[in-house]
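Hello,

Here is the structure I promised to pass on to you.

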Amino acid sequence: MNLWWLLIPASYALGTFPTAHIVAGFVGHDPTSEGSGNPGATNVYRVAGAKAGAIVLLGDLLKGLIPSLVCLLVDGRLLGLIAGLAAMVGHIAPITRRLSGGKGVATLTGLSVVIYPFVVLTLFVVWVLLMKLFRKASIGSLVMVMLLPLGVLIMPGTRWYEVIITGAASVIVTLRHHENIKRLFKGEEQGIE
């Protein structure tokens, strides 16, 4: 067995790092009991301000980016993808917090920046346009996540496992947004001011 694959549980462990709790807690807020109750950048932005939200966004991006980049460099694309996915699962379902974590968009984006930079650049433009149009982070995030496997599929040289892995990640993150989807249909989803 290639010992580099031991980096997968290490990637999961990195994903469990409680970025939102630490940053929001530093300024006297608990993102799990305020706002939407989600320990992610958007909720931290709402309850603790733009600077705290930006720091959480960067931290959650790095949780996906760092393991993907390290594993890509040491053992190639497949390990980079799986390590990034493990970090995303760690963020969403941290064993250290009774499997109650964030929604995974930023961590998935971090993974994608390493493996699919051109796809991410295109999807970021889509996200910005949707944010300007709807002022709701969940709409931009959901569309971006759903389009990721399609972007991977149409890339030259894509292997079948890449579409499956990014498709699985997309499904997981979309399912984590089930409450947002319900609120969107009811017209109750909070916007970003």
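A word on terms before the fold: helices (H or I, at least four residues) and strands (E, at least two) are DSSP runs, numbered from the N terminus. Please keep in mind that this is a predicted model, in which local features need pLDDT of at least 70 and side-chain atom pairs count only at pLDDT 80 or more, while totals for chains, interfaces and linings use all residues. Residues are numbered from 1 along each chain as its sequence is written, and side-chain values use heavy atoms, with hydrogens and water left out.

**The fold**

From the N terminus on, the elements run α-α-α-α-α-α-α-α-α-α, which gives 10 helices and 0 strands. The chain is as compact as a globular protein of its length, because its radius of gyration (taken over C-alpha atoms) is 16 Å, close to the 16 Å that the globule rule (2.2 Å times the number of residues to the power 0.38) gives for 193 residues. Along the principal axes, the C-alpha atoms fill a box of roughly 45 × 35 × 25 Å.

Of the 193 residues, 44% count as buried, meaning under 20% relative accessible area with a 1.4 Å probe and protein chains only. Among contacts (heavy atoms within 4.5 Å) with a separation of 6 or more, 66% are between residues 24 or more positions apart.

**The cavities**

On a 1 Å grid over the protein atoms alone, a cavity is a set of points where a 1.4 Å probe fits but cannot get out, and a pocket is an open set with protein on both sides within 12 Å along at least five of seven lines; lining residues have an atom within 4 Å of a point. Grid points are joined across faces, edges and corners, and a volume is the space filled by probe spheres set on the points.

By this rule there are 2 cavities of 30 Å³ or more. The largest holds about 70 Å³, and its lining consists of Val105, Leu108, Thr109, Ser112, Val120, Leu123, Met144, Val145 and Leu148. Two or more of these residues come from each of α6 (105-115), α7 (117-134) and α8 (137-153), and α6 gives the most, with 4 residues. Sorted by class (Ala, Val, Leu, Ile, Met, Phe, Trp, Tyr, Cys and Pro as nonpolar, Asp, Glu, Lys and Arg as charged, the others, Gly among them, as polar), this lining has 7 nonpolar, 2 polar and no charged residues.

The second largest cavity has a volume of about 40 Å³. Its lining includes Phe17, His21, Asp60, Lys63, His91 and Arg97, and the class count is 4 nonpolar, 5 polar and 3 charged residues. Here α2 gives the most, with 3 residues.

Of its 14 lining residues, Ser36, Gly37, Asn38, Lys103 and Arg176 are the closest to its centre. Helix α10 gives the most to this lining, with 4 residues, and the classes come to 3 nonpolar, 7 polar and 4 charged.

Best wishes

Note on methods
Buried means under 20% relative accessible area, exposed over 50%, partly exposed in between (1.4 Å probe, protein chains only).
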